[in-house]
Amino acid sequence: MTGTIAKGSGPESDAAPDVLAAELRMKFDYTRSVGPTIGRFLTGLRAGRIVGVRGSDGRVLVPPAEYDPRTSEPLTEFVDVADVGTVQTWSWVRDPLPGQPFDRPFAWALIRLDGADTGLLHAVDVASPDEIHTGMRVRARWAAERNGRIHDIACFEPGETSTAPAQSEPGEPVTGIVTPIDLRYKHTAAPQETVFLRAIAEGRLLGARAADGKVYFPPRGADPRTGEPTEDYVDLADTGIVTTFCIVNVPFQGQRIKPPYVAAYILLDGTDIPFLHLVLGCDASEVRMGMRVEAVWKPREEWTHEGLDNLSHFEPTGEPDADYETFAHHL
């Protein structure tokens with residue numbers, strides 16, 4: 001579908017629609033607590049030791065498990081193991097990806113360390129697949145600086161004798177880790193999504209009517225009851241009501257608005273399903289169910305072509321609140 005789509009119009013031909021596509025990137029720091037068991041393992045790595053835990057059947061599990069795989073009981077008997085072991089199985093990486101241990105070919109391997117009964121997955125630094133095999137003896141190559149991460153072991157390399165640095169005091173236990181996440185992918189919009197996004201680029205809010213008469217915003221692409229394409233497009237007003245909402249009080253990394261602020265489900269006039277957006281322009285404590293709101297668009301020079309972020313937020317209109325009965329079935 002190309003060109004401007006008028007209210008109620010459908011595809012003009014059976015030709016393949018000219019859909020939008022974009023390269024997208026999701027990047028953030030994932031922060032998590034590690035608990036006492038993995039925390040013990042990571043604290044050991046920082047000190048130059050590899051720690052496992054003994055199960056009820058006498059096996060030593062590395063990395064340590066919190067609960068016994070046979071009895072499900074908590075495991076508490078920690079055991080130091082060697083940083084030298086045997087390759088159990090391996091896989092060659094011919095074309096490394098960004099963020100992997102090396103920018104040259106290497107191997108991933110399951111390595112059973114001496115004193116352990118399970119395999120530890122890690123990288124092995126060899127130049128070709130001819131230089132690694134099941135049963136091969138390898139040793140840990142420790143990082144020059146250790147801070148309580150699996151990367152404290154830079155990789156494994158062929159060898160029988162440990163080259164571990166002198167063990168240091170463990171210090172304060174490791175209780176959490178921060179893992180950078182960087183995901184790149186290509187999103188290709190569906191035909192109905194393309195029509196919706198192109199309308200946004202024109203400053204219009206466009207919904208689609210299903211066979212039962214319900215209007216969805218954004219367009220669903222298909223009637224949820226029949227699976228038929230929804231191509232009966234409807235231009236919508238940029239006013240509506242707040243159905244439910246959440247006051248965000250907790251700060252987090254990358255937050256662009258200072259708390260407290262409101263994320264609300266907004267039912268646009270003439271639609272049958274609410275969508276999530278920001279409500280600003282008043283104190284968070286003043287937002288309520290049934291409040292009438294209107295869209296606030298960014299200045300046109302700040303628009304990012306086809307994207308819902310062209311719409312900055314919603315703010316109160318000052319009109320009387322909608323009666324609960326008028327939106328109760330849209331919650």
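Predicted model: local features only at pLDDT ≥ 70, side-chain atom pairs only at ≥ 80, totals over all residues.

Trainee: Fine. Where is aspartate 68?

Mentor: Aspartate 68 sits in the loop between β3 (60–61) and β4 (78–81).

Trainee: And which side chain of opposite charge is nearest to it?

Mentor: That is arginine 70, at 5.7 Å. A salt bridge here needs the nitrogen and oxygen within 4 Å, and aspartate 68 has none, although it is buried.

Trainee: So what does the side chain of aspartate 68 reach?

Mentor: The backbone nitrogen of threonine 71, at 3.2 Å. Leaving aside residues up to four places away in sequence, aspartate 68 also touches Gly55, Ser56, Glu73 and Leu75.

Trainee: Is serine 72 buried or exposed?

Mentor: Exposed, because its relative accessibility is 54% and the cut-off for exposed is over 50%.

Trainee: Where else is there a cis peptide bond?

Mentor: One joins proline 259 and proline 260, with omega about 0 degrees. Proline 260 is in the loop between β14 (239–248) and β15 (261–268).

Trainee: Back to charges. How many salt bridges does the count come to?

Mentor: The count comes to 20 salt bridges. In general, side chains of opposite charge can pair when their charged atoms come close.

Trainee: Give me some examples. What does aspartate 57 pair with?

Mentor: Aspartate 57 pairs with arginine 59, and their closest N and O atoms are 2.9 Å apart. Aspartate 57 is partly exposed at 33% relative accessibility, and arginine 59 is partly exposed at 31%.

Trainee: And which residue forms a salt bridge with glutamate 202?

Mentor: Arginine 204, with the closest N and O atoms 2.6 Å apart. Glutamate 202 is partly exposed, with a relative accessible area of 36%. Arginine 204 counts as buried because its relative accessible area is 19%, and buried means under 20%.

Trainee: Which residues do salt bridges with shared partners join into one network?

Mentor: Arg104, Asp125, Arg139, Arg141 and Glu157. Within it, the side chains of arginine 104 and aspartate 125 meet at 2.9 Å, N to O. That pair links distant parts of the chain, 21 residues apart. Arginine 104 is in the loop between β5 (84–93) and β6 (106–113), while aspartate 125 is in the loop between β7 (120–124) and β8 (137–142).

Trainee: How does the accessibility of those two come out?

Mentor: Arginine 104 is partly exposed, with a relative accessible area of 37%. Aspartate 125 is buried, at 15% relative accessibility.

Trainee: Changing topic: which residues form the nonpolar patch on the surface?

Mentor: Leu24, Met26, Phe28, Tyr30, Leu183 and Tyr185. Together they have about 530 Å² of accessible area. β1 (21–33) and β10 (176–188) each supply at least two residues of the patch, and β1 gives the most, with four.

Trainee: Pick one. What about methionine 26?

Mentor: Methionine 26 is in strand β1. It counts as partly exposed because its relative accessibility is 38%.

Trainee: Now helix α2. Which of its residues are buried?

Mentor: Helix α2 covers residues 191–201, and its buried residues are Gln192, Thr194, Val195, Phe196, Leu197, Ala199 and Ile200. Their cover includes β11 (205–209), β13 (232–236) and β17 (292–297).

Trainee: And what follows α2?

Mentor: Glycine 203 follows α2, with a positive phi near 80 degrees.

Trainee: Last one: where is glycine 318?

Mentor: In the segment after β18 (311–316). Glycine 318 is exposed, with a relative accessible area of 74%. From glycine 318 to lysine 258 is 24 Å, C-alpha to C-alpha, and the two are 60 residues apart in sequence.

Terms used. Residues numbered from 1 in each chain as written. Heavy atoms only, no water. Buried < 20%, exposed > 50% of the residue type's maximum accessible area, 1.4 Å probe, protein only. Lys, Arg positive; Asp, Glu negative; His and termini not counted. Polar contact = N/O pair within 3.5 Å; in protein donor to acceptor, adjacent residues only side chain to side chain. Contact = heavy atoms within 4.5 Å. Patch = residues over 30% accessible without salt bridge, like charges linked within 9 Å, V, L, I, M, F, W, Y side chains within 5 Å. Areas by Shrake-Rupley, 256 points an atom, 1.4 Å probe, with all protein chains shown as cover.
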